[in-house]
Amino acid sequence: MRLRGLLEARWWRGQHAWLGALLAPVAAVYALLLRARVGAYRFGLLRARRSPVPVVVVGNLVVGGAGKTPTTIALVQALKSAGWTPAVISRGYGSARHDPRPVSLSDDSRTCGDEPLLIRRRTGSPVWVGVDRVAAARALCAAHPDVDLLVADDGLQHLRLARDVEVVVFDERGLGNGWLLPAGPLRERPPVMPPAQAVVVYNAPAPTTAWPGAILKRNLRPPIPLRSWWRGEFGPGHEPWPAIGEPIPAAAGIAEPERFFRMLEATGVRILRLPLPDHATWDTVPWPRGQAMVLVTEKDAVKLPPTHPDSGRIHVVPLDFEFPQEALAQVLARLPARGPAGR
């Protein structure tokens, strides 16, 4: 944790210049390896594989959470409204298995990963996970012949899967200090302007890079009791926002817990911050005993079954993104003609 704190201070706040000097040679090696890998695909030494249907990849250029999962959910919902029948493929971070397999509503997050299970529950669309995304894409399409479009969650750097559109997500942090890993947060070095197949969206009040893009609208809804959330009641909250009083414990096992905490405070709720590591396992609860109410994110809720001893006091705070219409129009314009491709 100490090293992580030092790295993040260097990446996002420009502190610890000595650390950047130490890591610069490692970043240079990473840059060479990255260039060799990209070149191997460009010159045909490695081949990108096509899915049976068009593919839209959602990802970001920096490490950590920029809001890819809620963006994926919003994009799937928008594509459905536009007449497509989308499904989702994901690596399934944290999954105990690596072979391609479907995600069911009754799955344990440890078998498929927390984010794929959340996407499955929020969209109702088929979701398959697997380390080999090409195999996952082909298996999903074979199992669901009605699917005519795939959304690849967090697949921007997975070059083996050919894509028709890239949705690149940025948040308030932008590109950080502009250095490649590990001296900076960049997974790859961005060109001056986005590639032709890229559609840029910002999970922020305004653009945070030089790339033009649309703003994602965020809406934090009032809390839903955990048991209701598991029953699929994702509509308006059953209860209003809690009245200002004693601070309410709020736990978040996501990449950027502070973003969740700030959004809660913007509603007027007083909270007790309980940040957890991204993809926290929730082996123990972080809040003091005797609390009448605790607040968690949806990403954490998938790891807290309705039979949990504290389920009566746990409330889930849904986060909705609205995919911008101008960005959706750009996505649709970059897709091939309607209908399965390459079947």
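This is a predicted model: local features need pLDDT of at least 70, side-chain atom pairs count only at pLDDT 80 or more; totals for chains, interfaces and linings use all residues.

Residues are numbered from 1 along each chain as its sequence is written, and side-chain values use heavy atoms, with hydrogens and water left out.

Now the pockets. On a 1 Å grid over the protein atoms alone, a pocket is an open set of points where a 1.4 Å probe fits, with protein on both sides within 12 Å along at least five of seven lines; lining residues have an atom within 4 Å of a point. Points are joined across faces, edges and corners, and the volume is the space filled by probe spheres set on them.

The largest pocket has a volume of about 990 Å³. It is lined by 45 residues, and closest to its centre are G65, E115, A255, D278 and K299. Elements giving two or more residues to this lining include α1 (2-13), α5 (114-123) and α8 (257-266); helices (H or I, at least four residues) and strands (E, at least two) are DSSP runs, numbered from the N terminus. By class, the lining has 19 nonpolar, nine polar and 17 charged residues.

The second largest pocket comes to about 780 Å³. Of its 26 lining residues, V38, R42, L159, E188 and R189 lie nearest the centre. Which element gives the largest share of that lining? It is α2, with eight residues. The classes here are 16 nonpolar, three polar and seven charged.

On to the rings. Rings of Phe, Tyr and Trp (its six-membered ring) pair if their centres lie within 6.5 Å; planes under 30 degrees apart are stacked, over 60 edge-to-face, and the rest tilted. That rule gives five aromatic pairs. F260 and F261 have ring centres 6.0 Å apart and planes at 50 degrees, so this pair is tilted. W282 and W287 are also a tilted pair, at 5.6 Å and 50 degrees. Both W282 and W287 are buried, meaning under 20% relative accessible area with a 1.4 Å probe, protein chains only. F260 and F261 are buried too. Ring pairs also link F170, Y202 and W211 into a cluster.

Last, charges over rings: NZ of Lys or CZ of Arg within 6 Å of the ring centre and within 35 degrees of the ring normal. R173 has its charged end over the ring of W12, 4.2 Å from the centre. R121 lies over the face of W229, at 5.0 Å.

Notes:
Buried means under 20% relative accessible area, exposed over 50%, partly exposed in between (1.4 Å probe, protein chains only). Ala, Val, Leu, Ile, Met, Phe, Trp, Tyr, Cys and Pro count as nonpolar, Asp, Glu, Lys and Arg as charged, and the others, Gly among them, as polar.
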